[in-house]
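User: Hello! I am new to this structure and would like to learn how to read it, one feature after another. Could you guide me through it?

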Number of protein chains: 2
Amino acid sequence: MIAMRGPSTSYDLKRAIGRSVGYFWNFPHAQLYSEPKRLQEAGLLVLHEEESGRRRKIYSITEEGSVALRAWLAEPVNEHFEMRDIAEIKLFFSELAGPGDVARLAREQVHQHERRIDEYERMRERYGDIPELAGRMITLDLGLGMEYAALEFWKSVRDRADRGELPEMMSGKRSARSS
Amino acid sequence: MIAMRGPSTSYDLKRAIGRSVGYFWNFPHAQLYSEPKRLQEAGLLVLHEEESGRRRKIYSITEEGSVALRAWLAEPVNEHFEMRDIAEIKLFFSELAGPGDVARLAREQVHQHERRIDEYERMRERYGDIPELAGRMITLDLGLGMEYAALEFWKSVRDRADRGELPEMMSGKRSARSS
DNA sequence: AGACGATGGTCTGAAACGTACGATGGGGAC
DNA sequence: GTCCCCATCGTACGTTTCAGACCATCGTCT
């Protein structure tokens with residue numbers, strides 16, 4: 001982020017991330033203070049500390065840092081993306097849930113994904129045709145694609161639940177430890 | 001999981017999760033040993049320890065546990081799902097990458113998502129029409145939807161990169177700390 | 001009898017996390 | 001002009017999570 005934005009304080013990073021990468025990779029802000037320190041000690045960043053009143057800590061990338069960054073970008077990505085979706089977990093275990101729970105869950109999810117889609121579409125409208133940002137907007141398409149996929153899914157769950165097509169019993173326990 | 005499967009050892013959980021929920025919520029296996037202990041101390045599980053050679057630790061859910069579980073399932077889900085996608089991060093910062101990096105990245109991703117789709121489709125074929133499991137198969141549809149969305153996205157990135165339509169320069173640093 | 005893989009479990013050091021807390025400065029209300 | 005609020009900027013710290021090394025047992029095949 002520092003390589004892209006130029007010299008930044010941790011607070012700058014926090015805001016920049018909040019508006020961009022944060023959507024698909026969350027950072028607790030405390031990390032944005034400890035990590036730069038680590039990277040600076042490793043020689044990948046340099047710290048310029050203000051002497052005036054605010055005493056801001058402004059980090060810039062070093063040549064070594066740039067090299068490491070480019071090496072990382074060139075490296076292949078082995079892992080598949082990770083997801084953590086509480087709604088999906090609840091759906092998976094919905095056979096243990098009470099009547100109406102699934103329908104309510106699906107409705108909530110439809111709503112949430114619609115809001116998120118709105119948010120993304122507005123971002124695209126505002127920044128979409130600023131050529132400087134166009135590159136960074138690519139990932140927005142992926143986010144939107146995912147959101148639309150999720151939205152369609154939950155809509156169909158909602159409709160099926162409303163039509164009573166999903167089991168959603170609250171049956172007795174099964175037995176087996178085997179299989 | 002224990003409520004659904006019936007009495008289970010941590011190892012049972014590990015396997016069961018590996019074949020199902022694990023795809024959208026990963027658990028390091030060590031947690032599957034420490035958590036049940038915690039839940040047992042909290043009264044939500046009971047432990048039956050074998051006295052024979054193996055001394056397996058088999059957990060079952062208590063009435064209190066069932067109640068807590070159903071309460072949790074009925075609770076609204078506030079958070080949006082979390083994603084962690086290294087490929088997406090690299091794409092976001094691709095303006096700092098070397099020539100060819102984006103194309104390579106996209107190709108890898110296409111391949112990975114295709115493999116994952118295969119895996120899911122095979123699961124559906126094998127278990128799809130076993131009525132007992134049908135309920136648990138719903139989430140598979142969401143997984144597939146996401147995978148197809150990602151696949152299409154990365155294909156389009158790949159094609160655009162091949163046609164040289166993406167900037168992918170390695171330009172000089174920007175200046176601003178502001179905005 | 002021995003090898004080996006599946007089963008079953010524990011421990012630990014390092015990261016990550018959330019969150020409370022402290023401080024400064026600029027700008028608007030008055 | 002002064003006062004207060006909010007955005008800015010930063011630190012500290014206890015708790016969870018995590019990866020991964022490690023250990024033991026059992027069944028089965030050779």
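Analyst: Gladly! Let us begin with contacts: two residues are in contact if their C-beta atoms, placed from the backbone, lie within 7 Å. Here B:Arg158 touches B:Ala103, B:Ala106, B:Arg107 and B:Val110, leaving out residues up to four places away in sequence. Please keep in mind that this is a predicted model, in which local features need pLDDT of at least 70, side-chain atom pairs count only at pLDDT 80 or more, and totals for chains, interfaces and linings use all residues. Residues are numbered from 1 along each chain as its sequence is written, while chains are lettered from A and ligands numbered from 1 in the order in which they are written.

User: In which helix is the place of B:Arg158?

Analyst: Helices (H or I, at least four residues) and strands (E, at least two) are DSSP runs, numbered from the N terminus. B:Arg158 belongs to helix α7 (residues 131-162) of chain B. B:Arg158 and B:Val102 lie 56 residues apart in sequence, yet their C-alpha atoms are 7.7 Å apart in space.

User: How do I tell whether a residue is buried or exposed?

Analyst: Count the other C-beta atoms, placed from the backbone, within 10 Å of the residue's own: 20 or more means buried, 12 or fewer exposed, and anything in between partly exposed. B:Arg158 has 19 such neighbours, so B:Arg158 counts as partly exposed. B:Ile61, in strand β2 (residues 57-61) of chain B, is buried because 24 other C-beta atoms lie within 10 Å. Beyond four places in sequence, the contacts of B:Ile61 are B:Ile2, B:Ala3, B:Leu44, B:Leu45 and B:Ser66.

User: What is a nonpolar core, and which residues have the most contacts inside the largest one?

Analyst: Nonpolar side chains tend to be buried together in soluble globular proteins. A nonpolar core is a set of buried Ala, Val, Leu, Ile, Met, Phe, Trp, Tyr and Cys residues joined through C-beta atoms within 7 Å. The largest one here has 48 residues, and A:Val102, A:Ala106, B:Val102 and B:Ala106 have the most contacts inside it. Setting aside residues up to four places away in sequence, B:Ala106 touches B:Trp154, B:Val157, B:Arg158 and B:Ala161.

User: How many residues of chain A are in contact with chain B?

Analyst: The answer is 63 residues of chain A, in contact with 62 residues of chain B. On the side of chain A that touches chain B, α7(A) gives the most, with 13 residues. For classes, Ala, Val, Leu, Ile, Met, Phe, Trp, Tyr, Cys and Pro count as nonpolar, Asp, Glu, Lys and Arg as charged, and the others, Gly among them, as polar. That side of chain A divides into 32 nonpolar, 12 polar and 19 charged residues.

User: Which strands pair between the chains?

Analyst: Two strands pair if DSSP finds at least two bridges between them. Here β3(A) and strand β3 (residues 82-84) of chain B pair in the antiparallel sense over 3 bridges. Within β3(B), B:Arg84 is the bridge partner of A:Glu82.

User: What rotation superposes chain A on chain B?

Analyst: Two copies of a chain are related by a rotation about an axis and a shift along it. Superposition is by least squares on the C-alpha atoms of residues with pLDDT of at least 70 in both copies. In this model, a rotation of 180 degrees with 0.0 Å of shift along its axis brings chain A onto chain B, with RMSD 0.0 Å. The two copies are therefore related as by a two-fold rotation axis. A:Met83 comes closest to that axis of the residues of chain A, at 2.4 Å (C-alpha). Of the interface residues of chain A, 98% are also interface residues in chain B, so the copies meet through the same surface.

User: Finally, which residues come nearest to DNA strand C?

Analyst: A residue is near a molecule or strand if its C-beta atom, placed from the backbone, lies within 6 Å of it. Of the 15 residues around DNA strand C, A:Pro28, A:Ala30, A:Gly53, B:Ala30 and B:Lys57 come nearest. Helix α2 (residues 10-18) of chain B supplies the largest share of this surface, 3 residues. By class, the surface near DNA strand C holds 5 nonpolar, 5 polar and 5 charged residues.
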